[in-house]
Amino acid sequence: MIRLETDILILGSGGAGLFAALHAKAGAPEASVTVAVKGLLGKSGCTRMVQGGYNVAVGPGDSVERHFLDTIEGGGWINDQDLAWKLVETAPARVRELENQIGCFFDRGPDGGLHRKAFAGQSFDRTVHKGDLTGIEIIGRLAEQVWARDIRRLEDHRAIALLPDAAGAALAGVLFIDMRSGDFTLVRARAVLLATGGGPTMYRYHTPSGDKSCDGMAMALRAGLPLRDMEMVQFHPTGLLAGPGTRMTGTVLEEGLRGAGGWLLTGGGERFMLRVDDRAERATRDIISRTMIEEIRAGRATPHGGLYLKMAHLGPARVRAEFKGMVERCADCGLDLAGGLVEVIPSAHYMMGGVVFAPDGSTALPGLFAAGEDTGGVHGANRLGGNGVADSTIFGGIAGDTMAAWLRDASGFREPDRDLLDQAAGRALAPLHRNGAGRLADLRDRLATLMWDKVGILRTGRDLADAEAALADLGAELAETGAGSASPAYNPAWHDWLNLENLILVSRAILLAAQTRQGSRGAHYRCDFPEPGDLAASSYTEVRLQGEVLTAANRPVRHTRVRPAQETGR
Amino acid sequence: MTAGEVITVTIRRGGEHGAPVPVDFRVPITGDPTVLDLVTAIQRDQAPDLGYRFSCRVGMCGSCAMLVQGRPRWTCRTRVSLVARRGRLDLAPLPGLPVVKDLAVDMAPFFEKWAAAGGGFRPCESGDAVLALVAPESPARRNADAAIECIGCGVCAAACRVAGAEPGYPGPAALNRVWTLVNDVRDADGPRRLAEVAGPGGLFTCHSQGACTACCPKGLDPSRSIAGLKRAAVLAALRGEP
Amino acid sequence: MTPVRRHVLLWLGQRLAGLLLAGGLAIHLFQVWSVGGAALVARPGGGVGWPLFYAGVVGLALIHGGLGVHGLWRERRHGLAALSIQRLTGIALVLFVPVHVSVSIACVVCPALAATVFQVAALPLHRGFEAAVVALVVGHGLGGLRVLALEGLLWSRGQKALAWIAAGLTMAAAVAVPAGAW
């Protein structure tokens with residue numbers, strides 16, 4: 001086992017991780033900062049995949065308060081309001097930092113100022129963007145800045161356990177698999193940021209990058225940290241449906257297509273969103289996804305079992321100009337987005353839930369900080385399009401500041417609990433010595449089908465109970481399955497196994513939270529409890545792992561800044 | 001290549017230390033798969049420890065590039081039906097980079113060159129308060145936009161024979177980025193960056209063969225960016241600038 | 001002068017010398033085609049115009065070829081990567097031109113030698129050799145003009161394709177013209 005030490009260790013190289021690295025280095029220039037990622041720096045993760053843009057209240061007539069209310073309303077009143085306020089309040093400064101310090105060159109309006117486009121569920125056009133590939137500009141520029149600084153990189157390093165010291169008083173370090181050699185690497189650090197991103201890839205149709213597997217949330221659960229709002233899985237209404245057997249299926253066609261006036265049609269060519277919501281296709285993602293599934297279940301689906309997205313009525317030339325990236329992506333699948341119909345299906349996109357954390361990035365475990373999709377509470381029951389990349393860059397930067405300050409007070413390096421370390425290493429090695437790699441794909445497909453059918457967009461108590469038993473079976477089956485090769489060096493089957501183990505654990509957390517919330521809010525819809533309940537008496541779910549058992553609790557939401565009744569005054 | 005056919009995929013397998021060995025796999029085709037789908041199917045069903053990289057699966061991250069029929073391409077957006085010949089497909093790792101295992105390479109040298117060429121924005125001192133006003137149709141914006149959409153996949157560098165031969169040459173991607181920054185009115189150094197890349201082993205090492213442009217999956221024109229840098233560097237030198 | 005500026009200006013010098021050389025060689029080739037090599041060598045009392053012209057052409061060739069060889073040497077480790085058509089034709093001309101210039105000067109100085117040389121030049125094998133040299137010069141020159149257009153005028157890809165088609169046609173002409181002159 002290789003042992004390394006670094007003052008600040010950052011897990012993940014998306015918007016949160018890279019922003020944290022830059023801020024930590026700026027705040028503590030003498031400190032050693034290390035970014036570890038299970039793929040390549042800046043390439044893994046979902047910030048890069050952001051298409052639409054970045055919500056920020058900078059337009060004339062817009063205000064931070066309006067952005068806040070949209071975020072809370074969209075979140076079904078279960079957001080942690082202090083977190084949501086931090087988000088909207090910091091967004092204008094962060095966008096200026098992205099432009100002036102990091103070098104992102106966002107699109108401009110005719111006056112030369114930032115162009116802001118319309119996004120669903122918002123009272124104002126406030127989504128700043130770079131074409132329809134905003135994330136590439138943000139992550140490309142961030143990665144460049146990291147490469148230019150004295151920041152250590154651990155690429156192809158998969159974190160497998162957060163290790164506290166023997167007393168359990170604080171985090172001591174993180175155990176990794178160096179994926180290239182297959183050896184373990186123990187990195188001791190005085191401050192660790194959990195920023196691996198979520199990524200609900202346990203659903204049959206999903207939008208995140210394929211290497212995401214909720215590793216951060218799974219590690220947090222095993223370290224005893226509480227996860228909130230885990231039932232809140234956002235489905236993006238327009239995932240591309242390119243048929244089975246291709247990884248392109250599920251990838252997202254951006255929200256701005258509907259924002260610009262795109263239509264959703266049944267298999268028979270009929271527009272259906274108008275029946276449900278005055279905003280039609282510009283309603284929030286949860287409402288649209290639910291309506292789409294109802295249409296599909298009512299038998300009005302397209303040949304591949306989805307619905308149609310139509311843009312042609314806006315003029316194919318305009319569509320090609322405004323949504324170049326999306327048009328090209330469809331063209332690569334042989335589909336004509338600008339002039340024809342493209343089959344779409346709601347696709348699991350984002351996890352509103354995650355580790356409970358404070359506005360300064362700290363968690364219940366001293367020395368562990370968290371930011372981005374690994375965390376819960378910012379978005380409540382439903383995230384607005386354009387608030388995701390804002391979340392990761394804002395809270396990543398804040399966590400970087402906090403960790404730099406934390407070094408001044410924190411003690412020196414701690415020694416991780418030896419028993420926990422051995423346990424984690426033993427658990428990771430187990431599949432290498434078992435056969436059955438050929439069954440991994442089947443297990444993943446069954447997990448994806450189970451979660452899609454039973455713990456998806458429309459949920460019932462009976463389905464959830466069925467899924468509970470089935471998930472337990474899948475877990476037991478995985479424990480009997482191996483990676484089929486004893487070679488640990490860059491062995492994808494081994495990492496598939498570890499991905500699946502994490503996905504099953506986090507799926508269990510989603511399911512338990514979904515059973516616990518007996519009501520419908522935002523992304524979570526219970527057919528047997530369709531009412532949202534009293535907004536003023538809102539609660540959020542909290543899931544913990546104790547031993548092998550997950551436990552859940554409902555906790556009251558504190559409306560610290562605005563109460564539901566005040567909403568009418570806006 | 002249509003559904004139901006079986007394709008023979010030859011993969012150059014090997015690690016950093018072992019000599020690469022071509023290995024054949026026979027894969028039944030279902031639907032209209034991409035090359036990445038095919039590699040995934042081989043890893044899942046036939047060679048669980050086959051090393052390959054991918055992340056976003058949809059042409060945004062640039063992790064999955066490899067040599068497909070000898071030409072560097074993204075595998076996630078390349079359909080097998082367009083590149084297979086007579087039921088055969090030949091795959092190898094991107095050249096010019098250390099092989100981690102099989103089809104997976106270490107891209108660090110690529111980004112080290114990017115950084116060494118100064119491929120990162122440098123902020124002005126003036127501070128944060130205001131954003132630069134740049135009209136969308138202004139030449140300043142159009143010039144900066146022309147080459148901005150690079151995702152850093154390394155395909156151009158793999159296609160460039162000079163980059164493969166001259167270790168110190170920044171390569172098309174890094175120079176393409178520098179050209180964007182030279183044109184970025186917000187960058188503190190802008191045209192002053194030319195002197196950093198115009199010396200021996202720098203941008204004049206480019207022979208304008210255009211392989212980068214021919215292979216760029218984003219349809220960018222790094223060759224033209226480098227030509228732009230050359231012209232700007234010559235004009236600067238004639239003005240007596242360093 | 002900074003090393004960077006020197007490097008840039010040398011590069012520019014090589015390109016500019018090439019451009020001027022292309023003009024000079026065009027005139028030279030036209031002369032050979034219209035009055036013939038023997039007449040050129042034997043030109044009696046032609047004043048100082050033509051000698052000056054040829055001195056200039058040789059000087060440009062020295063600069064262009066010298067800087068070219070310097071670049072080749074600097075990039076010698078590129079090996080096969082640098083073996084573009086442009087460089088291969090360049091290397092061939094670097095080998096040919098000194099011989100051609102030396103022999104031509106000798107012929108001017110010594111008419112007896114010229115007679116022998118032009119006997120050899122009349123052999124069919126040598127005619128073929130001449131055609132090859134013309135093709136090399138025209139190919140290298142057009143390739144150079146193409147690169148100048150790409151780098152100096154920032155030609156785009158569509159224009160590049162056109163340039164290649166034009167280059168191909170002219171190459172064919174370059175071979176056909178001396179063939180027609182026999």
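Arg141(B) and Asp107(A) form a salt bridge, with their closest N and O atoms 3.6 Å apart; the term requires a side-chain nitrogen of Lys or Arg within 4 Å of a carboxyl oxygen of Asp or Glu. This pair crosses between chains, from helix H4 of chain B to the loop between helix H3 (81-102) and strand E4 (116-117) of chain A. Arg141(B) is buried at 2% relative accessible area, and Asp107(A) is buried at 18% (buried: under 20%; exposed: over 50%; partly exposed: in between; 1.4 Å probe, protein chains only).

This is a predicted model, in which local features need pLDDT of at least 70 and side-chain atom pairs count only at pLDDT 80 or more, while totals for chains, interfaces and linings use all residues. Residues are numbered from 1 along each chain as its sequence is written, chains are lettered from A and ligands numbered from 1 in the order in which they are written, and side-chain values use heavy atoms, without hydrogens and water.

| Pair | N to O distance |
|---|---|
| Glu112(B), Arg153(A) | 3.7 Å |
| Asp49(B), Arg13(B) | 3.4 Å |
| Asp32(B), Arg79(B) | 2.6 Å |

Asp49(B) and Arg13(B) are both buried. Asp32(B) is partly exposed at 38% relative accessibility, whereas Arg79(B) is buried at 17%.

Between chain B and chain A there are nine salt bridges; over all chains the structure holds 68. In this interface, 61 residues of chain B are in contact (heavy atoms within 4.5 Å) with 69 residues of chain A.

Methods
Helices (H or I, at least four residues) and strands (E, at least two) are DSSP runs, numbered from the N terminus.
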